[in-house]
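Welcome to this short tour. Please open the model in your viewer and keep the selection tool at hand.

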Amino acid sequence: MFDSDSKLRHLPFFEEIAALEDNSAAWYAATAGLVTLRLVDSWLESGGGHVSDDEWNFKSVCAAVDKVSERSPMQALLTSVLGAMGQREASIRAVVPSLMAYAKALEWDAKWELAVDVYETLLAHLHPVEEAGACVDAHLRLGVCCRSLQQMDRALAAYACVFEIGNATGDIEAILRSRMGEADLAMWRGNLPHAASQFDALIDSAAKAGLRDVHARALMGRAGVAIMAKQYELAIRLGYESLQNQDSPVERDRVLSNIAAAFLSLGVFSAARDA
């Protein structure tokens, strides 16, 4: 687990730990994440399989995870990773859900560099065709994190990978999601006309393909462009249309937040409060 070939892996975790006060709650959480990922690396490179409880590495990582505060969701998420590795005949597929959940929790905590490291750890071991769904999800989240870090070219590369996987597997939803990521980047780079035309095309394509979630996300993205262009009435109309197609509570909250911001910009304070 501590071989010299992997000493440069997970550098964001090392940097995070170095910046924290020793033995603080955050230090224990970051340390547990690091040793868990290093165990995952070692485990997968040795062929996966069942991890016995009496193996020193596994037990030491469990001890590190136990030191994470029970109030932190990170303890439960990392415990889930270890539990997946402890299953008989376990493989990369067994740890995908728990590692994805851990990475998303890091995102919510604005630890985007750490989340990127987790997603890249998964992608280093996933087959782009045999585990296409997991690869697509990880690349999409990787793109979002890189965008949050203002690493636009890196985000664009992640979305290009999604397009390649979608094209290779005939997954139209993956292809459209990759285009949506590119449209988001165009919007955040300030190229609003290009972003608007991309989102318009995505709205049409998703509607024709019957992809409800993609359609709702494309409408929300187009509404975001309208807000940045100060087209608040258009943003509100698109926002309500997106809201009708949204099933995710998190995405519904984002849409409502955008609608509220648009009403606020128009000076319609009562509607903004309702949203």
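Predicted model: local features only at pLDDT ≥ 70, side-chain atom pairs only at ≥ 80, totals over all residues.

How many of the 17 residues of α11 are buried? Select residues 212–228 to see helix α11; 13 of its 17 residues are buried, that is, under 20% relative accessible area, with over 50% called exposed and values in between partly exposed (1.4 Å probe, protein chains only). Helices here are DSSP runs of H or I with at least four residues, numbered from the N terminus.

Residues are numbered from 1 along each chain as its sequence is written, and side-chain values use heavy atoms, leaving out hydrogens and water.

Next, select Phe13, Met85, Leu99, Tyr102, Leu106, Val118 and Tyr119: within the largest nonpolar core, of 59 residues, they touch the most other members. Such a core is a set of buried Ala, Val, Leu, Ile, Met, Phe, Trp, Tyr and Cys residues joined through side-chain atoms within 4.5 Å. Helix α2 (residues 25–45) gives this core its largest share, 11 residues. A separate core has 19 residues, including Ala183 and Leu219.

Now show Trp27 and Tyr28. Their ring centres lie 5.3 Å apart with planes at 80°, so the pair is edge-to-face; rings of Phe, Tyr and Trp (its six-membered ring) pair with centres within 6.5 Å, and planes under 30 degrees apart are stacked, over 60 edge-to-face, the rest tilted. Trp27 is buried at 18%, whereas Tyr28 is partly exposed at 23%.

Key: Helix = DSSP H or I, 4+ residues; strand = E, 2+ residues; numbered from the N terminus. Expected span 1.5 Å × (residues − 1).
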